[in-house]
Amino acid sequence: MYSINETYLDKEKEKLFEIKTNSLRKNFEKRRINVHTFLKKADIFRFIEEFITTRAEIKNIAFSDSVTLYQLGMYDWFESQATDKGYVINQPLKRSRTGQFAVFGEEPPGKMNIPYDIWKPKNDRWYQGLRDSLTSDLLVIGANAITMNGEIVSVDGIGNRVSGMIFGPKHVLCIVGRNKIVNDIDSALDRIHNYSAPLNYIRHNSKHSTNFDELPCLQIGKCVKCSNLESACLNTVIIRGQVKQHQDRIHLLIINDELGF
Ligand code: SF4
């Protein structure tokens with residue numbers, strides 16, 4: 001008996017991935033943003049290893065906070081390589097098992113109840129780590145969206161997550177799953193404000209004991225372009241290309257998988 005499995009779509013998704021990335025590659029590379037595509041997650045680690053080995057100037061590496069990087073096990077992988085490969089990791093956004101930033105130690109979940117004079121120097125060290133990441137040799141980062149036209153679009157509150165994409169780090173590896181591909185900037189911003197940002201607030205509420213419940217998007221389920229003081233949407237960064245002397249700076253790594261949101 002002949003039977004087709006109508007629910008198995010991996011091959012079809014792979015084909016669509018190839019069609020889309022072949023097209024967007026031309027647009028990014030015209031703008032001097034290098035594109036590398038990976039059908040399997042595992043292949044990305046070999047690429048990164050070679051990328052670092054062939055660039056002797058990479059001595060310290062920093063990261064953005066990124067669910068994509070968590071899903072790939074990227075933070076642990078870099079840490080496991082650091083001593084052998086001779087580079088230093090700067091990861092102020094690393095979390096302890098309780099969900100607090102690691103610099104605060106194993107404080108229990110929820111609002112930290114530690115005296116100000118103990119909290120303040122730890123917080124200063126955390127903040128300085130964010131500033132230091134802007135002068136790293138290599139920044140490993142995710143993105144909210146990439147467009148078929150060749151743009152990388154991200155939205156951020158403080159700005160630390162995305163400012164290093166513009167200037168500072170000598171090299172940037174921007175890692176995204178196929179789900180981050182959108183047609184244009186309007187589609188990117190619509191997706192970010194009406195899906196990624198609200199979901200990210202809910203993620204922080206449930207995993208990091210924040211309270212973003214008063215934000216309009218969590219009240220009514222859609223973005224009203226607020227300027228709330230808790231908003232993580234106050235800065236929009238659109239990378240439209242790199243200048244001539246930065247042709248080896250941004251490398252966009254696109255994986256044929258659903259990663260992050
Ligand atoms: S309502 Fe405000 S916080 Fe929510 S997605 Fe829109 S700009 Fe961001």
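The residues of the shell around the ligand divide into 9 nonpolar, 3 polar and 1 charged. Here Ala, Val, Leu, Ile, Met, Phe, Trp, Tyr, Cys and Pro count as nonpolar, Asp, Glu, Lys and Arg as charged, and the others, Gly among them, as polar. This is a predicted model: local features need pLDDT of at least 70, side-chain atom pairs count only at pLDDT 80 or more, and totals for chains, interfaces and linings use all residues. Residues are numbered from 1 along each chain as its sequence is written.

**Ligand shell**

- Ala 197, Cys 217, Cys 223, Cys 226 and Cys 233 come nearest among the 13 residues around the ligand (near: C-beta atom, placed from the backbone, within 6 Å of the molecule or strand).
- Two or more shell residues come from each of α7 and α8 (216-220); helices (H or I, at least four residues) and strands (E, at least two) are DSSP runs, numbered from the N terminus.
- The biggest share of the shell is from α7, with 3 residues.

**Six-strand sheet**

- An open sheet of 6 strands runs β1-β10-β7-β4-β2-β3, with parallel pairing (two strands pair if DSSP finds at least two bridges between them).
- β1 and β3 (88-90) are the edges; each has a single partner strand, so one side of each lacks a neighbour in the sheet.
- From one strand to the next, the twist averages 20° (axes are lines fitted to C-alpha atoms, for helices over the stretch in contact; angles run from 0 to 180 degrees between N-to-C directions).
- β7 (residues 171-177) is mostly covered, with 7 of its 7 residues buried (buried: 20 or more other C-beta atoms within 10 Å of its own; exposed: 12 or fewer; partly exposed: in between; C-beta atoms are placed from the backbone).
- His 171, Leu 173, Ile 175 and Gly 177 point one way from β7, while Val 172, Cys 174 and Val 176 point the other way.
- β7 is joined to β10 by 6 bridges in parallel, and Cys 174 stands opposite Leu 252 in β10.
- On β4 (residues 138-141), 4 parallel bridges link to β7, with Leu 138 opposite His 171.
- β2 (residues 60-63) pairs with β4 in the parallel sense over 3 bridges; Ile 61 stands opposite Leu 138.
- Helix α2 (residues 43-53) lies across β1, β7 and β10, at about 145° to β1.

**Four-strand sheet**

- The order is β8-β5-β6-β9 in an open sheet with mixed pairing.
- β8 (181-182) and β9 (235-239) are its edge strands, each pairing on one side only.
- β6 (residues 152-156) and β9 are antiparallel over 5 bridges, and Val 155 stands opposite Thr 236 in β9.
- Helix α7 (residues 185-208) packs on this sheet, touching β5 (145-147), β6, β8 and β9, with its direction at about 35° to that of β6 (contact: C-beta atoms, placed from the backbone, within 7 Å).

**Helix α1**

- α1 (residues 10-30) has 21 residues and reaches 30 Å from first C-alpha to last, close to the 30 Å expected at 1.5 Å a residue (expected span: 1.5 Å times one less than the number of residues).
- Its buried residues are Phe 17, Thr 21, Leu 24 and Phe 28.
- An α-helix has 3.6 residues a turn, so residues three or four places apart point the same way.
- The cover over the buried residues of α1 includes β1 (34-38), β8 and β10 (250-255).
- Arg 32 follows α1 and has a positive phi, near 65°.

**Loop between β9 and β10**

- Lys 244 is found in this loop.
- Lys 244 counts as exposed because it has 6 C-beta neighbours inside 10 Å.
- Lys 244 and Met 1 are 60 Å apart in space, C-alpha to C-alpha, and 243 residues apart in sequence.

Definitions and conventions:
Two residues are in contact if their C-beta atoms, placed from the backbone, lie within 7 Å.
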